[in-house]
Amino acid sequence: MKSVTELHKEYESIALGLEGLDLAGQRIAARAMAHSSALYQGAVIEFAYLPQLYPPAVICALREETSTLYGILAKVIARYRSDPLYRRLFGFDPRLEELICLDPGYASPIPIMRADIFYQVDSGDFKFCELNTDGASAMNEDRELCRAIQHTPAFRAFEQRGYDLRPFELFESWIDVFLGIYADWAGRRGQRGQTAPRVAIVDFLDKATTAEQEEFARRFRKRGLDCEVIDIRSLRWDGNRLADAKGGPLDAVYRRAVTTDIMAQFDEVGDFLAAVRNGAVCLVGGFQTQIAHAKIIFEVLRRDETLSRLTEDEAAFVKAHIPATWRLEETAIDLAEVLSTKDAWIIKPLDLYAASGVVAGRGVDQEQWERIIKERVDTGFIIQEYVEQYQSSNIRNVFSLPVAGEPQQLREPQLEPFQHLTGLYLYAGKLAGIYSRAGQEELIFGHAGGLTLASFQVA
């Protein structure tokens, strides 16, 4: 089987051989996306035309790497819950610390996670960018984009060369895991006979990717389960059961509301938290997942307090794949060196998401860098080594993407260089699929011009 780069070059050569870089196919994909549910904040997500193709050897290697990561994080979570001194390294709010230490009532420490990596596909080397737990998303945009790309001439021509391209299935596989976790929880409570829990997918709906959550809810209902998407603030606790706003009791919760938002609106979610404290509902996932989600995990993993408790192979994994990370505090860094070597660094807030507050030194001038560092030192940030990213060429979508409308061509397509970010979905610690993004700025995020790429496994 060919490498990722070889597969990409072969696919690219097909597009190059079609009229206008397969402009007809690009129109097909754009129209499919415009009529899809791949929406973020009411707009269709932007994409690049050439997909990322992952051969079996790469998937196998990533499966082993993510298994190692999960084992390390499980050890860290267990130690956090048992060791008060270790907890201090994270510096969490005492209210959050109390929630983290609650027994979730099932074995899986992190039910769902997307680990984003900077992956050098030719060598197999990588370093982590960030870890997203309960709020991990983009399964739906990957699903919709794969469906759109599958109908294009370039895709069909590639398959005619003998390749079998398959999207990663990220919905039914998650429901299987979710129900397995619920069965574990119910069994420990002597409720093994209950096989059809009433499920709520909860979030702050004014911030949520609701199209994706509704797709999950539809899949639950197709399985014969009562499931709805609910604003977490509307949940009610009667001292015995957690219920929706109409009083319908709930058995299990798929938490999409990220911990940062819960802590920011702590008093507004008091009923939800009361039910969790009383073990009255199966919360998938419990607050222990925040240990992995918070960016301080990168600094804690590289500390002697953590490395000394890991196996030799696990410690080597951390040193190889976790970027060098420090707290952005005068007592932890050489401030003069940081100020004079801006291109070597990136700073991130300890606990925000969607790239809020993230600044790469090479993305600003020297004066801006010095001002940003001086403003943010000792205010809740980490500083990391900047990691170089894998590059390949792609074709940016050239059509407008009106929701449920007819796309119009805006410009001529062209091959352009892009940097890549690879997201690895883990369901109960096992690799479930891959999410691909690309961009031309220092940060690969939607508001920085980031584009989604369809991801396929090659059989």
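Because the model is predicted, local features need pLDDT of at least 70 and side-chain atom pairs count only at pLDDT 80 or more, while totals for chains, interfaces and linings use all residues. Residues are numbered from 1 along each chain as its sequence is written, and side-chain values use heavy atoms, with hydrogens and water left out.

**The parallel sheet**

- Strands of a sheet pair through backbone hydrogen bonds, in either a parallel or an antiparallel sense.
- Two strands count as paired if DSSP finds at least two bridges between them, and β11 and β12 pair in the parallel sense over three bridges, with L283 in β12 as the bridge partner of V253.

**R255 in strand β11**

- R255 lies in strand β11 and, at 1% relative accessibility, counts as buried, where buried means under 20% relative accessible area, exposed means over 50%, and partly exposed lies in between (1.4 Å probe, protein chains only).
- The side chains of R255 and T259 are joined by a polar contact of 3.2 Å, a term for a pair of N or O atoms within 3.5 Å in which, within protein, one must be able to donate a hydrogen and the other to accept it, and for which residues adjacent in sequence count only if both atoms are side-chain atoms.
- Leaving aside neighbours within four places in sequence, R255 is in contact (heavy atoms within 4.5 Å) with a set of residues including D134, V202, F272, L283 and T289.

**Strand β18 and its partners**

- Strand β18 (residues 415-427) is mostly covered, since eleven of its 13 residues are buried.
- Strand β4 (residues 112-119) pairs with β18 in the antiparallel sense over six bridges, and I112 has Y427 in β18 as its bridge partner.
- Strand β17 (residues 391-395) also pairs with β18 in the antiparallel sense, over five bridges, with N394 standing opposite E416.
- Nine bridges join β18 to the antiparallel strand β19 (residues 430-439), where A438 is the bridge partner of H420.
- The hairpin of β18 and β19 has two residues between the strands, and A428 takes a positive phi near 50 degrees there.

**E12 in helix α1**

- E12 lies in helix α1 (residues 4-17) and is buried at 8% relative accessibility.
- Not counting residues up to four places away in sequence, E12 touches L50, S393 and L415.
- E12 and I112 are 100 residues apart along the chain, and their C-alpha atoms are separated by 33 Å.

**Salt bridges**

- A salt bridge is a side-chain nitrogen of Lys or Arg within 4 Å of a carboxyl oxygen of Asp or Glu, and E10 and K2 meet in one at 2.7 Å, N to O; E10 is buried at 12% relative accessibility, whereas K2 is partly exposed at 36%.
- R198 forms a salt bridge with D244, with the closest N and O atoms 2.8 Å apart.
- R198 lies in the loop between α8 (172-188) and β7 (199-203) and D244 in the loop between β10 (242-243) and β11 (252-255), so the pair ties together parts that are 46 residues apart in sequence.
- R233 forms a salt bridge with D206, the closest N and O atoms being 3.1 Å apart; R233 is partly exposed at 22% relative accessibility, and D206 is exposed at 58%.
- A network of salt bridges links R143, E144, R147, E172, D176, E215, R218, R219 and R223.

**Cysteines**

- A disulfide is a pair of cysteine sulfur atoms within 2.5 Å, and the sulfur of C282 is 13 Å from the closest cysteine sulfur, in C227, which is too far for a bond.
- C282 is buried, with a relative accessible area of 0%, and C146 is buried as well, at 1%.

Notes: Helices (H or I, at least four residues) and strands (E, at least two) are DSSP runs, numbered from the N terminus.
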